[in-house]
Amino acid sequence: MRFKSSFHRLLRAGALALVAAWLAGCASLVGDPTHPVDPFEPINRKVMAFNDDLDSAVLRPVAVAYRDHMPRPVRHGVSNVLGNIADVWSFFNSTLQLKLRQAAELGGRVVINSLWGLGGLVDVASDLGLEHRSEDFGQTLGRWGVPSGPYLVLPVLGPSSVRDAAATLTLDRYMDPLTHIDHLPVRLSMFGLRAVDTRTNLLKVTNVLDDIALDRYTFTRDAYLQRRFAEVSRGRPALPPLDPGDTWDGRDDSPAPAVPAATTPPVGAQVSPALPPPGLPAPEHNPKP
């Protein structure tokens, strides 16, 4: 009976994820036509302000204290264990995306680190050349052509999109092993430890962001969309070039248009330097995803 109930909950979570993904595709066709990637910007900015206040009051101080007072080997061990748990779901998503070699490597990571790495405490697999790859159900949906939909900032969870939020709150949450820990205090402690570990690993990134970003919201949004586009496109066969007149609307199912071939200007004509798309840095300065 317990298995049957769990199976029914899994089916409901999958159905909710597919319905939300379909709505994401519909939502990408509406909104502000002058800014199709972020039609919810006013709401998103308010949610980001709430997240920033929460981070300043709670998460960042706890992460700094954890970094300063917890020995580095202990912190690395915690990160390794949590990463080993995450590799299980990444293995299934790699399989669903038909990235079979990557799935085999992730499966090997879980087995090796669980058996010879003391339950994942020591990352033996990386020393053997089996690298960690993060794959979630949002990437799986994008891999099979589901558009990301508008950019969305979630309370506490941060940057996302309609498609990724649907995946995060349904199948990703259900398939998280921590969700199925029966003992409530232990489950909450593990979620809290993972939140602190994640925030600690992002301390350097947020420090740089505070120093260089004139508008933290737009910088974070553009960085998130570029990173997710790279993650979803990873391993996908190259698509034929699009018409140079097309514009990229931020959807994961279409790459940025190819730059038209350069033409020789008339003699005496004034040549202006090429400019990057609005809101994005020049390609040579783009950080590698």
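Trainee: Where is the place of Asp55?
Mentor: Asp55 sits in helix H2, where helices (H or I, at least four residues) and strands (E, at least two) are DSSP runs numbered from the N terminus. Keep in mind that this is a predicted model, in which local features need pLDDT of at least 70 and side-chain atom pairs count only at pLDDT 80 or more, while totals for chains, interfaces and linings use all residues. Residues are numbered from 1 along each chain as its sequence is written, and side-chain values use heavy atoms, with hydrogens and water left out.

Trainee: Is Asp55 buried or exposed?
Mentor: Asp55 counts as buried because its relative accessibility is 16%; buried means under 20% relative accessible area, exposed over 50%, and partly exposed in between, with a 1.4 Å probe and protein chains only.

Trainee: And what does Asp55 touch?
Mentor: Leaving aside residues up to four places away in sequence, Asp55 touches Arg60, Pro61 and Arg199, a contact being heavy atoms within 4.5 Å.

Trainee: At what angle do H2 and helix H8 pack?
Mentor: H2 and helix H8 (residues 184-201) pack at about 80 degrees, and their axes are 9 Å apart. H2 is therefore roughly perpendicular to H8. Axes here are lines fitted to C-alpha atoms, for helices over the stretch in contact, and angles run from 0 to 180 degrees between N-to-C directions. Angles of 65 to 115 degrees count as roughly perpendicular, under 35 as roughly parallel, over 145 as roughly antiparallel, and the rest as oblique.

Trainee: Which residues in H2 meet H8?
Mentor: On the H2 side they are Asp55, Leu59, Arg60, Val62, Ala63, Tyr66 and Arg67, and they meet Leu193, Val196, Arg199 and Thr200 in H8.

Trainee: Switching to the strands, how do E1 and E2 run?
Mentor: E1 and E2 run antiparallel and are joined by 4 bridges; two strands pair if DSSP finds at least two bridges between them. Tyr151 stands opposite Ser161 in E2, and in the hairpin, with 3 residues between the strands, Val156 takes a positive phi near 70 degrees.

Trainee: How far apart are Pro39 and Tyr151 in space?
Mentor: Their C-alpha atoms are 7.7 Å apart, although Pro39 and Tyr151 are 112 residues apart in sequence. Pro39 lies in the loop between helix H1 (2-27) and H2, and Pro39 counts as buried because its relative accessibility is 19%.

Trainee: What about H10, how far apart are its end C-alpha atoms?
Mentor: The end C-alpha atoms of H10 (residues 216-233) are 26 Å apart, which agrees with the 26 Å that its 18 residues should span at 1.5 Å a residue, the expected span being 1.5 Å times one less than the number of residues.

Trainee: Which residue caps the N-terminal end of H10?
Mentor: Asp215 does, with a side-chain oxygen 3.1 Å from the backbone nitrogen of Tyr217.

Trainee: Which elements cover the buried residues of H10?
Mentor: The cover includes helix H2 (41-69), strand E1 (151-154), strand E2 (158-161) and helix H7 (162-174), and the buried residues of H10 include Tyr217, Tyr224, Leu225 and Phe229.

Trainee: Last one, what percentage of the protein's residues count as buried?
Mentor: Of the 289 residues, 34% count as buried, in a protein whose secondary structure comes to 10 helices and 2 strands.

How values were computed. A polar contact is a pair of N or O atoms within 3.5 Å; within protein, one must be able to donate a hydrogen and the other to accept it, and residues adjacent in sequence count only if both atoms are side-chain atoms.
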